[in-house]
Amino acid sequence: MKKLLLLFITSIAFTSQAQDVFFTENCETLTIGNVSTDLTGATAGQGNWYTYTPTTAVPVGILADYQVVNNAVSNSKALQVTGSTGAVGSRYLSQDVSTSWTNRTMGNDIIQMEYDFFTGSGVTTSKNTFRTYIYNFDGTAVTAVAGFHYDPATLKLSGWAYYDNTANAGGVVGYYTFALISGGLILDANTWYRVGVAYDYNTGDITWKDANGLFYTGVTSAASGIDISECDFAVSAGTGNTVANQFLVDNVQVTAVAVESLLGVNTNSVVSNDFSVFPNPSKDIINVSNNSTSIKSIEITDLNGRVVKTVNALDSSNVQVTISDLSTGVYMMKILSDKGTTTKKVIKE
């Protein structure tokens, strides 16, 4: 029986692309107390976590800003980062993934960062915000590509990305936050949530997802081909801040995969089934419709993967796509909505 089981597992391994697990952290093997003895980011502490507070921070950082604590809510250990009582300076808790990224399995070009975080009471005057960063430090102008932004005073969670906004008046290429659902996502107070963010090295596609199905959405970054060196949690002080705030994270995992599979799911069947794409085949116009979600953008690629048309849908539920300028043939239509991404095959007659 054991031999049969081994053969079964082996067959699965050879028929599917394995993910690379860069690191996992459930905090249970860590010791209560300070995470590290170094605030310069040069020497790893417990669990190979690095802690860094800029020397320009006012007031200065202390080792106790980064703690392993007993979390009474989940009855387990967690990582805690305490923000500044001032308006200058951030606190960074990071993992170095540069070697893992360089040595990843060929084709596993999507990095995924998943974790649990605690929302807090929502009753605070602190202007500290909690950030997640997928970072790059190769000397280029782009130092971070994607992550989350959480405001504890409003309980609002947003995605953020390095993004090209020049299509809009006054827009520039830079860092932007994005609503994860229409109108913005407000979380419940004193609650743990599991979320994930993914970055595709080849396309620049960024995906955000929640384990409970609150959102499954994304954008295409202005930066593709960015090599990743570390994944960070940061607490950043805000203008006029005078009050510290504490943030809890747990069950962290960073992986590299060939196909985005955040939180174990790489498709959203509900989104896919709800879209109507018609007429198909078509000579000139294709209608894309979904009354239960807002369509953000549509991208059409040929069978070689080349993008031949991009449409900004402006959060509409019904979009007309002109294909009269395309050559006759088969194309793939990628539809990005506020509930997820799906791909449909379309035919130009």
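1. Start with one term. Two strands pair if DSSP finds at least two bridges between them. Keep that rule in hand for the sheet below. Note too that this is a predicted model.

2. Strand β19 covers residues 285-289, and three bridges join it to β18. The two strands run antiparallel.

3. Turn to Asp188. Where does Asp188 lie? Asp188 is in the loop between β12 (185-186) and β13 (192-200). Set aside its neighbours within four places in sequence, and Asp188 is in contact with Thr119, Leu155 and Tyr193. Take Thr119 from that list. Along the sequence, Asp188 and Thr119 are 69 residues apart. In space, their C-alpha atoms are 7.2 Å apart.

4. Next, the cysteines. Is Cys27 buried or exposed? Cys27 has a relative accessible area of 0%, so it is buried. Cys231 has a relative accessible area of 1%, so Cys231 is buried as well. The cut-off behind both calls is that buried means under 20% relative accessible area.

5. Last, disulfides. The rule asks for a pair of cysteine sulfur atoms within 2.5 Å. By this rule, the count of disulfides is zero.

Notes:
Residues numbered from 1 in each chain as written. Predicted model: local features only at pLDDT ≥ 70, side-chain atom pairs only at ≥ 80, totals over all residues. Heavy atoms only, no water. Helix = DSSP H or I, 4+ residues; strand = E, 2+ residues; numbered from the N terminus. Contact = heavy atoms within 4.5 Å. Buried < 20%, exposed > 50% of the residue type's maximum accessible area, 1.4 Å probe, protein only.
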